[in-house]
Amino acid sequence: QAQLVESGGGLVQAGGSLRLSCAASRTIFSIETMGWYRQAPGKQRELVARITSGGRINYADSVKGRFTISRDNAKNTVYLQMNSLEPEDTAVYYCNAKITDLWGQGTQVTVSS
C-alpha cells in the first residue's frame, strides 16, 4: 500500500534551520506533484511549497526566500529545507502527493522565540 513517511521535525530556536524529508513507497513518485502543507493549532491547513514532476516550484508568500523544496526521484523523496525559522512557522507539517491524494502522518515543527 502506498504511503508517505515524513521525518526531520523538531524543536529549534528562532533563526535556526530544519530539513524535512518525505519518503514515498511507490514508484509513481517520479510523475507526482509533491507538496508540503502545514497546520497550526486553530488554523486551517495551508500549502507551504509544491514541486511538480518537471521541477516547477511555488511557495507560500510567508516562506519565500527562507524555505526551499527539492526532490530526488531516484530516492522517491522530497525535501523541505527551512531556514531563518520564525515562531509563526510552528505547526504540524504534512507531505502530500497530489495525483494519488496521499498524505503523510505529519511531523511537528516547533520554533521557540
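Q: Which residues are linked in a network of salt bridges?
A: R38, E46, R66, E86 and D89. A salt bridge here is a side-chain nitrogen of Lys or Arg within 4 Å of a carboxyl oxygen of Asp or Glu. This is a predicted model, where local features need pLDDT of at least 70, side-chain atom pairs count only at pLDDT 80 or more, and totals for chains, interfaces and linings use all residues. Residues are numbered from 1 along each chain as its sequence is written, and side-chain values use heavy atoms, with hydrogens and water left out.

Q: How many salt bridges in the whole structure?
A: The search finds five.

Q: Where do D89 and R38 sit in the chain?
A: Their side chains form a salt bridge at 2.9 Å, N to O. D89 is in the loop between β8 (77–82) and β9 (91–97), while R38 is in strand β4 (residues 34–39), 51 residues away, so the pair links distant parts of the chain. Strands (E, at least two residues) are DSSP runs numbered from the N terminus.

Q: D89, buried or exposed?
A: Buried, at 1% relative accessible area; the cut-off for buried is under 20%, exposed is over 50%, and partly exposed is in between (1.4 Å probe, protein chains only). R38 is also buried, at 6%.

Q: And what does R66 pair with?
A: R66 meets D89 at 2.8 Å, N to O. That pair links distant parts of the chain, 23 residues apart, with R66 in the loop between β6 and β7. R66 also meets E86 at 3.8 Å, N to O. Because R66 is in the loop between β6 (57–59) and β7 (67–72) and E86 in the one between β8 and β9, this bridge ties together parts 20 residues apart in sequence.

Q: How accessible is E86?
A: It is partly exposed, at 33% relative accessibility, whereas R66 is buried at 10%.

Q: How many cavities of 30 Å³ or more?
A: One. A cavity is a set of grid points where a 1.4 Å probe fits but cannot get out. The largest holds about 60 Å³, and of its 12 lining residues, L4, A24, I28, A97 and L102 are the closest to its centre.

Definitions and conventions: 1 Å grid on protein atoms, 1.4 Å probe; cavity = no way out; pocket = protein on both sides within 12 Å on 5 of 7 lines; lining within 4 Å. Points joined across faces, edges and corners; volume = space filled by probe spheres on them. Helix = DSSP H or I, 4+ residues; strand = E, 2+ residues; numbered from the N terminus.
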